[in-house]
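Subject: Handing over the two-chain model

Hello,

Here is the structure I promised to pass on to you. Please have a look at it first, and then read my notes below.

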Amino acid sequence: MVSLFKNTFIEKRTIVLKKKITRLSFLLPTLILLAIFILYPAISTLYLSLVTPSGNIDPISNYEDVFGRREIINTKGISQGFEFPLGALLHNLLWIIIHLPITTFLGLILAILLRDVKGNAVIKSIIFLGMVIPMIVGGLIVRFMFDKYVGIIPSFLNIFGVIPKNWTIYPETALFSMILGSIWLWTGFSMILYSAGLSTIPQSYYEAAKVDGASPMRIFFSITLPMLKPITTVVITMTVLWELKIFDLVYVATMGGPGGSSNVLALQMYLYAFRQYNFTRASVVATILMLITMLVAIPMIKSSKGEERS
Amino acid sequence: MKKNIFHTIITHVFAWAFALIWILPFVGLFMTAIRPYDEIIYGWWKFDNFTLTLQNFVRAWNHPTAALSVGMRNSLLVAIPATIFPILIASTTAYGFSRFKFKIKNYLFITILILMTLPQQMIAVPIFRIMKEMHQLDRFLGIIIVHSAWAAPWIIFFMRNYFSTLPIEIEEAATVDGASDFVVFFKIVLPTCIPALISVAALQFSWVWSDFFIALILVFSPDKLLATQRIPLMRGVYFVDWGLLSASSILVMAVPIIVFALLQRYYIKGMVGWTLK
């Protein structure tokens, strides 16, 4: 009797153990992969950014060195009345200041307008195409569009008396032509998200507002915009992350030139690491990028971890 | 009523004008690719002479130093396993995060969310060193592993959210009948997830195909270069050969565009779900 009880007890324990092992095997392969190939590299980059080339832990001198570099922040360019190059960090900032409001707003307007346009699926696909193509092709198209001879934009502006030139090889236009091109590439993103968001707003809200005699403006500001707030958070976050990480486009369109006047942080990190073999500076730039992206992403991370099933 | 018609016309004109501007770069690229160089040198929009030629595509395909025929094959050899492998392991993990209870689950999940926002630059230097140590530099296996690891966080996130929308009763019933977690997952749960898996596959395949940064760091011998890496190499030394460049751009972007065209619904659902929930 006692031995029988003991046996079932052991059996039960082995079943529980077996179950635990199965459950571990659901999680472990990916977690190990992530630990080796993402987490460990990220931590060593962070560590590398804290250690001076001579081997002392001295983050302040490393970061001071990078922030003092003219390719990161060019105080001379700023003091000369914002003459390019301004430095990669400020170029990224400028990119955000111009690109973020335009793409977000344009995407919203398009999503609203296209609701009752015939053939809206075709128009949406066309605008979304910029999100589908490789960014390296996107960068090439930017160069192509702004080329002195084959580019349609300089030729078009020639009608208004602007002398055609290669926009991407002049310091004062290189960055702006890429920002313009990236608006063309990215507007599809906010448009698609807002379109999806609009379709979740119940039609009855609009009908009720119309019955009450609300103007289209009033309906937009009191119903549409507040209902789209969570989408706006996502659109803004993802757009800023994209703007910070921009690399391929610049690599193929201008390579950051001329003279660094269209350089961005992600490209400068690559140049430090794989052209100049200065891994300390490269790691500092990468860490700065990571800190900014994390700061930007915190609201979204906070909102997404809480929605687990109870 | 009159005001309504006016409004409709304005909206339509605006929307289609917008679409026209937006497609113009693609039209230009296409026109440049299918015509000889001397016809487009002063603008592809001039149609005084119009000769149709596939010469640019042939030259891009058989380019002496950066042949796209090899590049596209290489990209397929990387993108297909780098789509299947992470989906397999990450969706399994996602199921674990959605259904199992364990102590450090929340901390692990937040870590994964943070990894999702990481810039690729953050792993570039160490991953180069690791791959060198493992003798996987300049090899497809190395880049497949990095892409799989890189994709795992967002696939886990996406699939976990999908799993939490599924009814749990069927799984519980199967467990009561004595089915193990593996049987429940692979036989019951996974078949109901096919739409979500197609979304993930469409996006992951397109992204790996379009990737440039990871390839730039890990692959460098001329016969191994991926399709995206070959485009910057096709720039001429003395002049920019736009015929060749536009033809190769069209070939390289054709693959993700075909994926998008065939799986449009899944592609957009993946995009919206991946960012929204």
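**One helix of chain B**

In helix 10 of chain B, the residues B:Asp181, B:Val184, B:Phe185 and B:Val189 are buried, where buried means that 20 or more other C-beta atoms, placed from the backbone, lie within 10 Å of the residue's own. Viewed down the axis of helix 10 of chain B, these buried residues fall within an arc of 90°, so they line one face of the helix; the arc is that of the directions from the helix axis to the C-beta atoms. An α-helix has 3.6 residues a turn, so residues three or four places apart point the same way. On the face turned away from the buried side, helix 10 of chain B carries B:Lys187 and B:Pro191, which are exposed (12 or fewer such C-beta atoms).

Helix 10 of chain B covers residues 181-192. Its 12 residues reach 16 Å from first C-alpha to last, close to the 16 Å expected at 1.5 Å a residue (the expected span is 1.5 Å times one less than the number of residues). Helices here are DSSP runs of H or I with at least four residues, numbered from the N terminus.

Before you go further, please note that this is a predicted model: local features need pLDDT of at least 70, side-chain atom pairs count only at pLDDT 80 or more, and totals for chains, interfaces and linings use all residues. Residues are numbered from 1 along each chain as its sequence is written, while chains are lettered from A and ligands numbered from 1 in the order in which they are written.

**Where the chains meet**

How many residues does the contact take from chain A and from chain B? Chain A gives 69 residues and chain B gives 75 residues, with contact meaning C-beta atoms, placed from the backbone, within 7 Å. Helix 1 (residues 2-50) of chain A gives the most to the chain A side, with 15 residues. By class, that side of chain A has 53 nonpolar, eight polar and eight charged residues.

**Domains**

Chain A is divided into domain 1 (2-50) and domain 2 (64-303), with bounds from an automatic or database domain assignment. Their C-alpha centres lie 42 Å apart, and four residues of domain 1 of chain A are in contact with six of domain 2 of chain A.

For chain B, the assignment gives domain 1 (2-53) and domain 2 (70-276), with C-alpha centres 34 Å apart.

Best wishes

Definitions and conventions: Contact = placed C-beta atoms within 7 Å. Helix = DSSP H or I, 4+ residues; strand = E, 2+ residues; numbered from the N terminus. Nonpolar A, V, L, I, M, F, W, Y, C, P; charged D, E, K, R; others polar.
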